[in-house]
Amino acid sequence: MHDFSPPVRMLLSMQMLADALEELSLEHRLQPEGDEPRLRGCQLYCGQHNLQEDLVYLLPGEARDFPADTHCYLTTGSLQGRAPHIRCVGCSDSRLFNAVLSVFQQYHDFEQQLSAIVTGGGTLDDLCRLSSAFFHNPVYIHDSMFTVLAMSHRVEGMLKPEYNEQSGQFLVPLQLINDFKFDESYRSTLEQRQASVWDGGPSRHRLRSLYVNLLDDGHYRGRLLINELSTPLQPGQFRTAEYLAAYVMLILHRDEQRTNSHSHSFDDTFADLLSTGQADRHDLETMLDILDWNAGDRYLCLRFRSQDSGIAVRSDSALRGILAGLLQHCASFYFQQQLCAVVNLTRSRQSPHAIRLRLAPHIRDSYMFGGISSPVCGIHALPDGFRQTELALQAAARRGQWLLSFSDCALDYIQHCAEACLPPSLLAAPVLLELRQYDGSHGTQYYETLRAYLLHERSIPRTAEALIIHRTTLTYRLGKLEELWSLNLDDSDTRLYLLLSFRMLDAGREP
């Protein structure tokens with residue numbers, strides 16, 4: 001197992017925002033410097049309460065009521081606080097706000113593109129080319145033996161790799177390797193666990209670079225380097241480089257898994273598990289080990305299909321890339337010609353509600369239906385979870401809703417199962433059938449009155465308002481209900497049975 005997995009989202013620091021403002025030539029001042037990345041977005045401050053610690057607030061004007069000692073902020077005014085903040089001089093509020101929004105969007109796009117490369121079968125070269133455009137400097141990766149694994153491009157001043165005809169690979173020049181072997185300052189950098197700057201040391205190759213060591217369970221695997229050749233390195237780029245290095249490790253592990261002759265497709269293992277309730281023990285253990293999951297963890301099951309009737313979801317890596325980019329500790333696969341996924345709730349620490357909120361706009365924009373299970377405990381409970389996703393998916397299609405959880409349609413399923421054995425007239429409380437008959441014969445409204453009373457949780461004011469009658473009238477009807485039909489509405493089981501009976505009788509399945 002490896003311990004090098006990227007976070008759910010790339011969080012930004014105030015330093016990253018300050019770097020971007022520097023590029024835009026906006027005069028600003030960051031105080032204090034060296035803050036930790038914790039920001040997932042920005043929001044305009046309008047005097048609202050319940051401010052969030054992972055947002056930076058954009059203050060129009062002075063905004064003297066803002067808690068400047070506890071929450072990050074940007075301002076064109078003179079507000080001073082102890083929390084990390086940026087003051088811009090000679091800049092309009094609108095220009096500052098637009099600039100900050102564009103920075104968050106830029107990092108979000110970069111993160112999505114990184115995920116797409118990993119999950120879509122992209123290479124380290126793809127990663128370097130994308131990162132070079134983001135950092136505005138050449139990017140390359142070498143392993144522990146100085147073999148060049150990937151490179152964005154070469155520019156004047158960058159080292160020129162030497163080609164090894166026997167291995168068919170490019171290497172860092174041998175002369176430079178020999179310099180490094182006897183360079184104590186270079187050898188000390190091999191223990192570095194955070195991004196740092198290497199200025200070439202005493203070697204003949206004086207090239208300043210931002211580097212991150214690629215560590216696998218503490219073992220040195222190589223190095224990611226960003227050469228300072230086109231634009232100056234920025235302080236905020238250090239954390240971004242560490243985040244990028246995590247994706248490098250993901251690709252390395254992914255490619256190693258693909259070349260392992262004993263590896264099996266996760267699709268096959270999941271398919272066996274869902275079809276028979278069992279999977280090959282070795283395959284299952286291998287899969288759990290690679291995913292860094294435990295068999296007893298809590299899981300959430302997802303299933304999707306196209307809204308076009310009869311058209312199955314294509315086996316398109318882009319669809320799996322969307323899930324991988326949105327959800328941490330998520331494994332996707334194809335089962336019965338439908339895209340499915342499992343989210344490890346124990347590892348990801350995301351709530352089912354939060355997962356649904358993140359998925360909803362993407363499912364809608366993809367013109368798909370989605371079904372979500374209730375949380376299930378243990379890997380062997382997945383068949384039950386995916387039975388729930390199937391039912392939720394069917395209900396979503398019936399209702400025309402693009403994403404539905406099983407809890408949203410559980411009552412429909414319970415009702416359907418009950419009605420498969422007996423018709424509603426025999427399942428429902430007999431008193432309701434009597435009320436309907438009595439109302440028809442006497443022109444009364446006891447059936448509707450009782451239903452409204454129960455639906456409004458026996459609240460006299462709310463029930464009277466819903467029925468548009470006086471409270472005295474409602475009290476009289478309730479008294480007659482108790483007198484003529486001996487209803488004990490203080491009993492919770494009686495109320496539940498009546499509510500379920502109303503649901504069945506009002507469904508229109510049987511008059």
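Residues are numbered from 1 along each chain as its sequence is written, and side-chain values use heavy atoms, with hydrogens and water left out. Because the model is predicted, local features need pLDDT of at least 70 and side-chain atom pairs count only at pLDDT 80 or more, whereas totals for chains, interfaces and linings use all residues.

Helices (H or I, at least four residues) and strands (E, at least two) are DSSP runs numbered from the N terminus. Helix H12 (residues 382–399) and helix H7 (residues 266–276) have axes that come within 8 Å and cross at roughly 85°; axes are lines fitted to C-alpha atoms, for helices over the stretch in contact, and angles run from 0 to 180 degrees between N-to-C directions. H7 and H12 are therefore roughly perpendicular to each other (65 to 115 degrees; under 35 counts as roughly parallel, over 145 as roughly antiparallel and the rest as oblique). In the contact (heavy atoms within 4.5 Å), Phe-270, Leu-273 and Leu-274 of H7 meet Leu-382, Pro-383 and Phe-386 of H12. The residues of this contact comprise six nonpolar, no polar and no charged; Ala, Val, Leu, Ile, Met, Phe, Trp, Tyr, Cys and Pro count as nonpolar, Asp, Glu, Lys and Arg as charged, and the others, Gly among them, as polar.

The axes of H12 and H13 come within 9 Å and also cross at roughly 85°, which makes H12 roughly perpendicular to H13. Here Arg-387, Gln-388, Leu-391, Ala-392, Ala-395 and Arg-399 of H12 meet Phe-406, Asp-408, Cys-409, Asp-412 and Tyr-413 of H13. By class, this contact has six nonpolar, one polar and four charged residues.

Leu-411, Ile-414, Leu-496 and Leu-500 make a nonpolar surface patch of about 350 Å². Two or more residues of the patch are given by each of helix H13 (406–419) and helix H19 (492–505); Leu-500 is in H19. Patch residues have over 30% relative accessible area and no salt bridge, with like charges joined within 9 Å and nonpolar side chains (Val, Leu, Ile, Met, Phe, Trp, Tyr) within 5 Å. Accessible areas come from the Shrake-Rupley method with a 1.4 Å probe, and for residues only the protein chains shown count as cover.

The structure holds 18 salt bridges (a side-chain nitrogen of Lys or Arg within 4 Å of a carboxyl oxygen of Asp or Glu). One joins the side chains of Asp-126 and Arg-129 at 2.7 Å, N to O.
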